Amino acid sequence: MTCDPKNNCTEYLKGLAEKRAQYASFDNEEKITWCSGCGNMGIQNALKRAFSFEGLGVKDLLLCYDIGCNGNGSDKMGTYSLHGLHGRIISAAAGAAVANTNLKVIAIAGDGGTMSEGINHLVHAVRNDYPVLFVLHNNQNYGLTTGQASATTRKGYAMNGSPDGVTTEPMNPSEFALGLEPSFVARTFSGDMKHMTKIFREALNHKGFAFVEVMQVCPTYNKATPSKWFWDRLKFVEDIEGYNSADLEMAREAAHDMNDSLAMGILYRDPTMPSFMERLKSREGLETSILVDEVKHYDVSGFLEELQ
Ligand code: SF4
């Protein structure tokens, strides 16, 4: 929508006011506990902006949080939410998403839970292409437990628990996801609100598993990559001549470098891949109904009484 001076921009201003009201509807009374300058705040605001632009209200969403600094956002938005076990949130989110396809399900986790404890869940969620938007907060350390090295911490940097420096090469989450024949992989940066909002909006409109890696600043514990380090290296795929986000090999090549330049944007997208639900033979002809409406309800009160 654009502002047309001939009609005093009435429609434009009305639309803007509606979006603002929708954005504000996500606010609640809970206090933010993240450190000053933490990238989590930007990520949360970008999500709220993306929801508002896409016309998604608090009752349209289920936000599923893993353990970690990211998980301290689980009670900060007025949506349905779930705070799961460390590394296990993708499987919980996938279950909810296939049970109730009327909900937009978002799974949120850090690099610790995703690339170590729960990496098995990530692998199979990408393979199965569950209808989930997955937001990976990659702050390159275990921030909640005071700055231990994770699988994505840069080699050579001293962290709590490894004072002589990390001795192993870091994992590259987007490159890893691209190796699993995904349907959507994107990368963005916690300091770039406009870019994050754009990527989240695209991901919300993807019908399968949308993997979004957010390169996140953690000013308290990750001194190796402060905000400027990222800004000096961001390379948007739109600016790469001939970049084709439907080309998996091109995406893998772009995602590889994590030192001199960081490819940002929709690295890969295959909108033609049939969704998980569409592939199920048992669901043929049931396109208009959802699992939560189909299950039979049993009275278990007798059983519960027996347990008392
Ligand atoms: Fe954010 Fe790092 Fe503080 Fe956690 S430790 S709240 S990631 S700045």
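Guide: Strands β5 and β8 are paired in the antiparallel sense, and four bridges connect them. Before we go on, please note that this is a predicted model, in which local features need pLDDT of at least 70 and side-chain atom pairs count only at pLDDT 80 or more, while totals for chains, interfaces and linings use all residues. Residues are numbered from 1 along each chain as its sequence is written, and side-chain values use heavy atoms, with hydrogens and water left out.

Visitor: What makes β5 and β8 a pair?
Guide: Two strands are said to pair if DSSP finds at least two bridges between them, and β5 and β8 have four bridges, so the word applies. Within this pairing, V185 has Y268 in β8 as its bridge partner. The strands themselves, like the helices, are DSSP runs numbered from the N terminus, a helix being H or I over at least four residues and a strand being E over at least two.

Visitor: Which strand runs parallel to β8, and how many bridges join the two?
Guide: That is strand β7 (residues 234-236), which is joined to β8 by three bridges, and here F236 stands opposite M264 of β8.

Visitor: Why is β8 called largely enclosed?
Guide: Because seven of its eight residues are buried, β8 is largely enclosed by the rest of the structure. Buried means under 20% relative accessible area, exposed means over 50%, and partly exposed is what lies in between, computed with a 1.4 Å probe on protein chains only.

Visitor: How do you know that the buried residues of helix α9 lie on the same side of it?
Guide: In α9 (residues 248-256) the buried residues are L248, A251, A254 and A255. They cover an arc of only 125° around the axis, and therefore they sit on the same side of α9; the arc is that of the directions from the helix axis to the C-beta atoms. The face turned away from this buried side carries E249, E253 and H256, which are exposed.

Visitor: What covers the buried residues of α9?
Guide: The cover includes α6 (173-178), β5 (184-189) and β8 (262-269). At the start of α9, moreover, a side-chain oxygen of D247 comes to within 3.1 Å of the backbone nitrogen of E249.

Visitor: Why is K48 called buried?
Guide: K48, which has its place in helix α2 (residues 39-53), has a relative accessible area of 6% and is therefore buried. Leaving aside neighbours within four places in sequence, K48 is in contact (heavy atoms within 4.5 Å) with Y23, F26, D27 and M77.

Visitor: What makes the approach of K48 and D27 a polar contact?
Guide: The side chains of K48 and D27 are joined at 2.7 Å. A polar contact is a pair of N or O atoms within 3.5 Å, where within protein one must be able to donate a hydrogen and the other to accept it, and residues adjacent in sequence count only if both atoms are side-chain atoms. The 2.7 Å contact between K48 and D27 therefore falls within that limit.

Visitor: Is T146 buried, exposed or partly exposed, and why?
Guide: T146 has 37% relative accessibility and so counts as partly exposed. T146 is found in the loop between β4 and α6, and its C-alpha atom is separated by 8.7 Å from that of T220, 74 residues apart along the chain.

Visitor: Which residues surround the ligand?
Guide: Among them are W34, C35, C38, N40, Q216 and Y221, where being near the ligand means that one of a residue's heavy atoms lies within 4 Å of it.

Visitor: How many residues of this shell are nonpolar, polar or charged?
Guide: Seven are nonpolar, five are polar and none is charged; Ala, Val, Leu, Ile, Met, Phe, Trp, Tyr, Cys and Pro count as nonpolar, Asp, Glu, Lys and Arg as charged, and the others, Gly among them, as polar.

Visitor: Why is Q216 called buried?
Guide: Its relative accessible area is 1%, and so Q216 is buried. Q216 lies in the loop between β6 (210-215) and α8 (227-231), and its side chain makes a polar contact of 3.3 Å with the side chain of H137.
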